[in-house]
Amino acid sequence: MARTVRVTVDHNVCVGNAMCETIAPKVFVLNANRQSEAVDPAGDTVEKILDAAENCPVSAIIVEDAETGERLFP
Amino acid sequence: MMATRTMHDDMFTPDVIADPYTYYGQLREEDPIHWNEKYQLWVVTSYDDVVWLTRHHELFSSAVFKNDPRPAYPDINESDLGLYEYVRQYQADQFIQHDRPEHLEMRKVVHGYFTPKSTEAWRPFVQSAINDLLDAAEAKGSMDVMRDFATPLPVLVIAQMMGVPRQDRPYVRHLAEKLLNIGRGELDRMKPLTEGMQGMIDYVSPLVDERLVNPGDDFISVLAQGEKAGVFTRHQVLVNASLLLLAGHETTINLLCNGTLAFIRHPEQWEILTQDPASWTVRATEECLRYDAPVKSIQRITSQDVDIRGKLLRQNDRIRWFISSANRDPKPFADPDRFDISRHPNPHVAFGSGIHHCLGASLARLEGQEAFKALAERFPTLHLATDELEYQPSITFRSLKSLPVTWN
């Protein structure tokens, strides 16, 4: 079975650069404040989600293994 | 009761240049969306409005040079109008002077080179460059932080990123200094500026030819791949290479100088940093970016009529949004005029916000962290060696002219 992940965006840090939305648009959507929300962590592959997190210019995206809680990024 | 002062609209008077915080702070309190009659532009000063504006890129265009046919400000020599046209066309090809969808395609080419993770790989090079520069300063017993440390450091880093051969570095630094005229106010600034721009084009073009054949892991190769993919024209490749040189140069100089000065003027904060530089330098750098930001203001141009809090901004109106006042807004920042390196979280807008958030932010942070750490470790008794400090008469950059220091 594929790994499932928990994805959170730190809104104290997110600047709405929107690169995450460009890379994984089913997972990340900008809210009314134009900050990213992780709306569906199952919306794309884990690789795409990690790619989005790595491309966040302020490292606002936290990705963890949903079962073990292991921190996958950053 | 104090009478309400009448705000003047000259943003280049010596008092506003020396202390932008009082002037723009007063505007923020009295008229946060202010029509500046003298320069015919909107001055936006509150934190919330700056964040809102920068995140609504569809309303506020970044293609300022392309869309704004009005003359340069501050004024330039009338005989230099032809040179200004050259500058306009040059600037208009920078990726930061584009809106979506072109901006996104261009940014995607260069974005990966500057992520926090990619940038981290540069830390050892930055540390070593800092050590070399501070070794030379230590041997002399004093330094001008501007000339001897803050100016050469970013050029060394950028030259390395561009794969510039060591023997060419002084020439690139010479061009970089000419490019700094973009943010200056002198009447005759167009001549050295255009010389710097054309010099970069002439210097970088053969490097691009070479990298198209033999791509490496340098930034010119990244841009050359963008040309190969049809995202950039050759002129855009060359202009964006000099954008890296300019944007990474002046801003880093200001971060290092303004931050060092903030520490000198707040000995109790310097004391905290010198006690444990490695632990404090990350938060200290963020507070330097907030307290006396390298960039004071950025331009936009309205894409359509926009109503902000009852003020009607018409399509094609000029706008400047002020980082300097947003970063001192009491709404998000308690005791905003206090320099406090323990401030956390510190959601300053020194790098802007939204889709145009500074591409080089991670690199600037890294250079600041390593520079303040090294200064605190090596020169804990650092103090000013002058009574007079002067700033460049720029509306864009918060640039000291020099910062002489010494130590015991």
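**Figure 1. Helices α10(B) and α11(B) cross in a right-handed manner.** A crossing is called right-handed if the near helix is turned clockwise from the far one, and left-handed if it is turned anticlockwise, by less than a right angle. In this predicted model, local features need pLDDT of at least 70, side-chain atom pairs count only at pLDDT 80 or more, and totals for chains, interfaces and linings use all residues. Residues are numbered from 1 along each chain as its sequence is written, chains are lettered from A and ligands numbered from 1 in the order in which they are written, and side-chain values use heavy atoms, with hydrogens and water left out. Helix α10 covers residues 152-162 of chain B and helix α11 residues 169-179 of chain B, and their axes come within 10 Å and cross at roughly 115°. Such axes are lines fitted to C-alpha atoms, for helices over the stretch in contact, and the angles run from 0 to 180 degrees between N-to-C directions. On the α10(B) side the contact involves B:Pro152, B:Val155, B:Leu156, B:Ala159 and B:Gln160, which meet B:Arg169, B:Arg173 and B:Ala176 of α11(B), where contact means heavy atoms within 4.5 Å.

**Figure 2. Helix α8(B) also passes α10(B) in a right-handed crossing.** Helix α8, residues 123-140 of chain B, packs against α10(B) at an angle of about 140°, with the two axes 10 Å apart. The angle therefore makes α8(B) oblique to α10(B), since angles under 35 degrees count as roughly parallel, over 145 as roughly antiparallel, 65 to 115 as roughly perpendicular and the rest as oblique. From α8(B), the residues B:Phe125, B:Val126, B:Ala129, B:Ile130 and B:Leu133 meet B:Pro152, B:Leu153, B:Leu156, B:Val157 and B:Gln160 of α10(B).

**Figure 3. Helices α13(B) and α14(B) come within 9 Å of each other, axis to axis.** Helix α13 (residues 219-228) and helix α14 (residues 234-265) of chain B cross at roughly 155°, and the pair is therefore roughly antiparallel. B:Phe219, B:Ile220, B:Leu223 and B:Glu227 of α13(B) make the contact with B:Arg234, B:Val237, B:Asn240, B:Ala241 and B:Leu244 of α14(B).

**Figure 4. Helix α12(B) has a kink of about 30° at B:Val204.** The kink lies shortly before the proline B:Pro206, and the bend at a residue is the angle between axes fitted to the seven residues ending there and the seven starting there. With 24 residues, numbered 190-213, the helix reaches 35 Å from its first C-alpha to its last, close to the 34 Å expected at 1.5 Å a residue.

**Figure 5. Two cis peptide bonds, one in chain A and one in chain B.** The bond joining A:Phe73 and A:Pro74 has an omega of about -5°, and A:Pro74 is found in the segment after β5 of chain A. In chain B, the bond from B:His344 to B:Pro345 has omega near -5°, and B:Pro345 lies in the loop between α17 (323-326) and α18 (361-378).

**Figure 6. Positive phi values at A:Arg34 and B:Arg309.** A:Arg34, with phi near 60°, is placed in the loop between β2 and β3 (36-38) of chain A. B:Arg309, which is not a glycine although its phi is about 45°, is found in the loop between β6 (306-308) and β7 (311-313) of chain B.

Note on methods
Helices (H or I, at least four residues) and strands (E, at least two) are DSSP runs, numbered from the N terminus. The expected span of a helix is 1.5 Å times one less than its number of residues.
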